[in-house]
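Colleague: Please take a close look at one part of this model and describe its surroundings in a connected account.

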Amino acid sequence: MKKTLFSLIFSFLFSFNIFPVDQSSVYTQKPEDPEAFYFSTENYGFKDGEDVTVALQSAINQLKREKNFGILFVPEGKYRISNTVYIPNAIRVIGYGKNRPEFILTKSSPGFQEEVPNDKGKSKYMFWFTGSIVEENQRPRDAGAGTFYSAMSNINIRIEDGNPHAVALRTHYAQHSFVSHMSIYIGKGKAGIFDIGNEMENLAFYGGDYGIYTTKASPGWPVMMVDSYFEGQRKAALHCQESGLAFVNLQVKNVPTVIEIESNYADRLMLENCRFENVNGPAFIISNENNSNNQISLRNVDCIKVPLLAYYRRSGEYTKVDHSKYKIKEYDHGLQMTSMVAEPEYQTLYNIEPIDIVSDVVNKEIPRLPEMSKWVNIRDLGAIGDGEIDDTKVFQDAIDNYDYIYVPQGCYIISETLKMRDNTCLIGLHPMGTQLKLKESTPAFSGFGGPIALLESSKGGLNILNGIGINTGGINYRAVGLKWMANADSYVNDVKFVGGHGTMRKPVVTQRPPQGTDFSGRPTVSSPDSPIYQSGKDMAWDNQYWSLWVNEGGGTFKDIWTASTYSANGVYVSNTSVPGKIYAMSVEHHVRNEATFKNISNWKIYCLQTEEESVESTECQPIELINCKNVVFANLYMFRVIRVNEPYHSSVRVWDCENIKMLNVHNYAQTKFTNNVTIYDINKNIDVRPWELQKIIITGNEPSNRQSVSVGDEAIELASGFDFVEGITSDSKGNVYFSENRMRRIYKWSADTKSLTLLVDFPWKPINLAVDSEDNLLVSFRYDTQPGHKIDGVPESEFIKELPDRTGTSFSGWGNSGFAVRFYSINPDNPEETIELLPLVDMGSIENVYKALYVSNKWRDFHDFNNVTVLVPEKCFVAPDKKTIIPQLYDLARSSSLLEAFPGKPFYTSDEYDRRIVKMDVAANGILSNLTYFVEWGEFGLTIDDNGDVYVADGHILVFDNKGDIKRIIKVPERPSTIKFGGKDNKELFITGRSKFFKVDVNL
């Protein structure tokens, strides 16, 4: 009787959204799917109540080997495990039943009692998402940037006592991977999750040192978390570094800290519609305050008994609140611009007001799927899903007669537009396993004409599309993947627009593969049906309309990956004031445009990420905003891959927009070819230079620069039309030199003639330039070994060793190692006949060093900058004057210029990744020491004037005195890369932009 009464009360409370988190089962019945595997005693031979570790791993591995991607369904029940279970790429583990199944880590299971010293998370995991099958006695390959479609859902996890170093899940995967609808009872264990990825929904964490502790997501993307709950963590609900987390409807209760950022790390955090209760320490512990990478944004957060809102590690200061109950309407910490023309400024601003009543719960943000009892299986209605037979009529008949249609795994061929009715819901559970697909040149989608959608929502209806891939093929000129016109309560979730990257295929085998065989799910450049290739480019690219077209509609769009290179845009939202929300959308690899928003208002776009690939997307515009208003972006990440070797103008292009708020903007690349301008208003000719911003508002009231004929406040343009210029240096006569790496050219600006000449165009790619005390020009260059060339009978490659320190930067991957950075010298008056290779000697062998030349900037995204910068290299290059040295470091391969370190004088250099300038002492032998932080600005270049003032290139040029106080800002029409004083009196500041060369007359 008590159980029945409790069930009734639970159902009543849940129906009115009274519980802080939804703990009911989402999939209450067995989903019938001929492609899926089912973890049952009949199929895998385990008995109720016994340890299922081996059986569960066997089922997962069998699914991976036989299907490559798919679903393992787990029925209701309690399952004991005692060791790590590995879940490889593209495998989903989904529970079903009236109650969620629960996996329980048995009390005092072996290996969970001690810290694991060689493990990244120092822990042992119940479930570990990996990149591939983990064979017996094999070291696991962690999930990474190429791990797609992995998931666990509708399953609870419990850690029993005696497992202090147990973590429930390790989830370092990429797109279309998630955990959802789970309660994790950590108890006396360490944490619920280590290392996050992509998206999380409806999770509850109870106990543990932490609910989540994490580094950045494997691809470096933002991560979305919605409708989740933390209670009773002993140290902090979340401990993070560079996580990029955006939270909507986060509830935290009875903890010392909500979010703790790792010491000396930054993070980009967005929290909206959240609730904190009984937080007895600082709710937020913020490291690296007033650094542009640190971007903390809070909106509409209710607090009960949270006396300390924030603690700032470096300053030791607190943000305290006297009210016992209060609402944080806004809190902003980081680099901010109040308009496109405002000066960027570090600020901590907040709007807090006391409140009398705080709701017990936060309403759910994400709609529930319909009750399973109402689902109709499309296979039962006659659909085949074999990738050959046309299933169009079966689908349209089903849509015309049923509201809730379940689509099991299969490839369903469609030949006419499927038109949803007002309440149509199409529900799949794996967007690579379940696809709606057009064959190549399907007549209805071919030839000249307007856009035609494969799938079309109703106009103004309440539609749902979940867990289904949309595949428009390679050649269907008129095709749109999905046209969405439904209302603000509609929902699109877990949808992949298939085409190119992320495509996976079933193995073609007649029997089970032998032990150890795996079927790769690596991204492909083209679809299996792609027709034409030329010089590495698929000529079918960019021949269709948009993948996702939201037109006069709205709703919630969550966990979308739109990366079909055949489409003109990944997402195109047009002509709508219907409220819309985007949560976690990855838009990548298009030829001309990634995302376009035209004539829209009332949208929120959180965790939108763009990526431009080297072959297809070098000239792609990431985001267009055309006549938009009242739009909010948060945790906006815009990225160009490491293989891109030329710059592009801007990341966001604005046309006649107003009241566009952007929170936590990250415009970046591991290479030097980040998009030059973060935001550009094309009609007003206004550009926003900072690459990292916590907040910027496009007001629409900014004055136009379009009529201005001035090239800048102070900068004079000397030359233009270059590819990408940097590496600037000057000699004792005031002559200035700079280079174009890709075009292999070096230029000279003469102080006498005040004109520019092409000095050399040798077949060696110049990286950086410098001069020694005798004005010999020193050139660092990349050297790849010549095939077949031998030295004394030994292949040349044997003499080219890997450079040191490459492990501290991701730049060293993808072809950026395995070569040498060497130096040659020339006499600028006779370069062709004076080229000589600089010798490499032991560091310290030159006793009386005149100057040492160090790189101006280091990209050390594995966070070892402070250590590697004062590291004493083994070798150094020696200039012809015999007293100028260049210490050999890996960072020579990527740096933008060389700076002079004179013994006895302070030396400054840029921590490019953490966006700061550091200051060091220089010993008599040229060795650096005593690193201290100077200013929280810095990108590629800096220089020092005769008074000791430091000029820092960061969007424009910021001038600091030797104490780090800013004196002035020099505006430059184009983002500066490297800067150096030159000219007859050494009072002219020369600047390499991206495509232009400038000077500024500086009155010292």
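Modeller: A polar contact is a pair of N or O atoms within 3.5 Å; within protein, one must be able to donate a hydrogen and the other to accept it, and residues adjacent in sequence count only if both atoms are side-chain atoms. This is a predicted model, in which local features need pLDDT of at least 70 and side-chain atom pairs count only at pLDDT 80 or more, while totals for chains, interfaces and linings use all residues. Residues are numbered from 1 along each chain as its sequence is written, and side-chain values use heavy atoms, with hydrogens and water left out.

Lys-558 is buried, at a relative accessible area of 1%, where buried means under 20% relative accessible area (1.4 Å probe, protein chains only). Its side chain makes a polar contact of 2.9 Å with the side chain of Asn-493. Counting contact as heavy atoms within 4.5 Å, and leaving aside residues up to four places away in sequence, Lys-558 touches Glu-199 and Glu-201, among others including Tyr-491, Asp-494 and Tyr-583.

E13 (residues 199–207) runs parallel to E11, joined by 8 bridges; two strands pair if DSSP finds at least two bridges between them. E11 also pairs in the parallel sense with strand E8 (residues 151–153), over 3 bridges. Because 8 of the 10 residues of E11 (residues 178–187) are buried, this strand is largely enclosed by the rest of the structure.

Key
Buried < 20%, exposed > 50% of the residue type's maximum accessible area, 1.4 Å probe, protein only. Helix = DSSP H or I, 4+ residues; strand = E, 2+ residues; numbered from the N terminus.
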